[in-house]
Amino acid sequence: MTETGTSPPVTPALFLSQVDRSYPQTGGSLDILKKADFAIWPGELVALVAPSGTGKSTLLHVAGLLEHPDAGEVFIGGVATAKLDDSARTRLRRTEIGFVYQFHHLLPEFSALENVVMPQLIRGLGKAEAAKRAADLLGFLGLGERLRNRPGELSGGEQQRVALARAVANAPRLLLADEPTGNLDPGTSKHVFKTLLSLVRASGLAALIATHNLELAAQMDRRVTIKGGQVVTMD
Ligand code: ADP
Ligand code: MG
């Protein structure tokens, strides 16, 4: 799963090319992204650090095919998405992209295991195979003893690790996380982040993580921010 060859991978997991995104507001428009270019390569963990209201969520939504850019192109694993219809976008999102939000959004009436099985069934995998992968993933994230528990019976950190397992259940090539540890205390944040890091390292996944936590950002491969509508290196 990890890159073992000597030559670098040729296809970025995510490539934003000349992306514009603005919102209408009274007296004009609020320009969030202006001809923004940005790429993430397989196996790369990138922190997106910018003040609130700068456009982190907007960038993640555009990258995750949840919002259309006004102009420009979003490539997922080399596939151009601007001209795809909604069902093709949904399919691509389901197979290639995993999301984690600040709040876990797990289904409360289902167990941890079932929450991770579900997206795999939606994708068309058999029940036994999906359950095996879910148990493996949750075990890897340190939740082997919590498979049958419902979200309400789990701690905040455990809930976020289940959300993480769910996000990568279909082995996406890109993980997008919007302040995934924003709701957690510092110690728990650190732990969740550590599992996220080991997951990315073990899978060759590319990840873009919006965070306000500079200590966590410092442990990622690169840090970017949004400035003047551009995605720029932070350091
Ligand atoms: P961040 O995630 O960095 O806090 P957002 O991407 O959520 O920033 O928002 C960037 C800016 O765009 C904010 O000023 C926000 O109010 C505005 N915005 C976000 N979504 C919409 C929308 N659907 N309509 C109008 N303005 C929006
Ligand atoms: Mg946001």
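How far from an oxygen atom of ligand 1 does a backbone N or O atom of Gly-53 lie?

## Around ligand 1

In this predicted model, a backbone N or O atom of Gly-53 lies 2.7 Å from an oxygen atom of ligand 1. A backbone N or O atom of Gly-55 is found 3.0 Å from an oxygen atom of the ligand, and a polar backbone atom of Ser-57 is 2.9 Å from an oxygen atom of ligand 1.

## Helix 3 against helix 4

Helix 3, made of residues 112-123, and helix 4, made of residues 127-140, have axes that come within 8 Å and cross at roughly 130°.

On the side of helix 3, the contact is made by Ala-112, Leu-113, Val-116, Val-117, Gln-120 and Leu-121, while helix 4 contributes Lys-127, Ala-130, Ala-131, Arg-133, Ala-134, Ala-135, Leu-137 and Leu-138. Sorted by class, the residues of this contact comprise 11 nonpolar, one polar and two charged.

## Helix 3 against helix 5

Helix 3 also meets helix 5, which covers residues 156-167, and the axes of helix 3 and helix 5 come within 8 Å and cross at roughly 25°. That angle makes helix 3 roughly parallel to helix 5, since angles under 35 degrees count as roughly parallel. The crossing of helix 3 and helix 5 is right-handed.

Here Ala-112, Asn-115, Val-116 and Pro-119 of helix 3 are in contact with Val-162, Ala-165 and Arg-166 of helix 5. The contact of helix 3 with helix 5 contains five nonpolar residues, one polar residue and one charged residue. Ala-112 and Val-116 of helix 3 take part in the contact with helix 4 and also in the contact with helix 5.

## Helix 5 against helix 6

Helix 5 packs in turn with helix 6, residues 186-203, at an angle of about 20°, and the axes of helix 5 and helix 6 are 9 Å apart. Helix 5 and helix 6 are therefore roughly parallel to each other, and their crossing is right-handed.

From helix 5, the residues Gly-157, Gln-160, Arg-161 and Leu-164 meet Thr-188, His-191, Val-192, Thr-195, Leu-196 and Leu-199 of helix 6. In the contact of helix 5 with helix 6, four residues are nonpolar, five are polar and one is charged.

Technical notes:
Residues numbered from 1 in each chain as written. Chains lettered and ligands numbered in written order. Predicted model: local features only at pLDDT ≥ 70, side-chain atom pairs only at ≥ 80, totals over all residues. Heavy atoms only, no water. Axes fitted to C-alpha atoms, helices over the stretch in contact; angles between N-to-C directions. Helix = DSSP H or I, 4+ residues; strand = E, 2+ residues; numbered from the N terminus. Contact = heavy atoms within 4.5 Å. Nonpolar A, V, L, I, M, F, W, Y, C, P; charged D, E, K, R; others polar. Polar contact = N/O pair within 3.5 Å; in protein donor to acceptor, adjacent residues only side chain to side chain. Parallel < 35°, antiparallel > 145°, perpendicular 65-115°, else oblique. Left-handed = near helix turned anticlockwise from the far one by under 90°.
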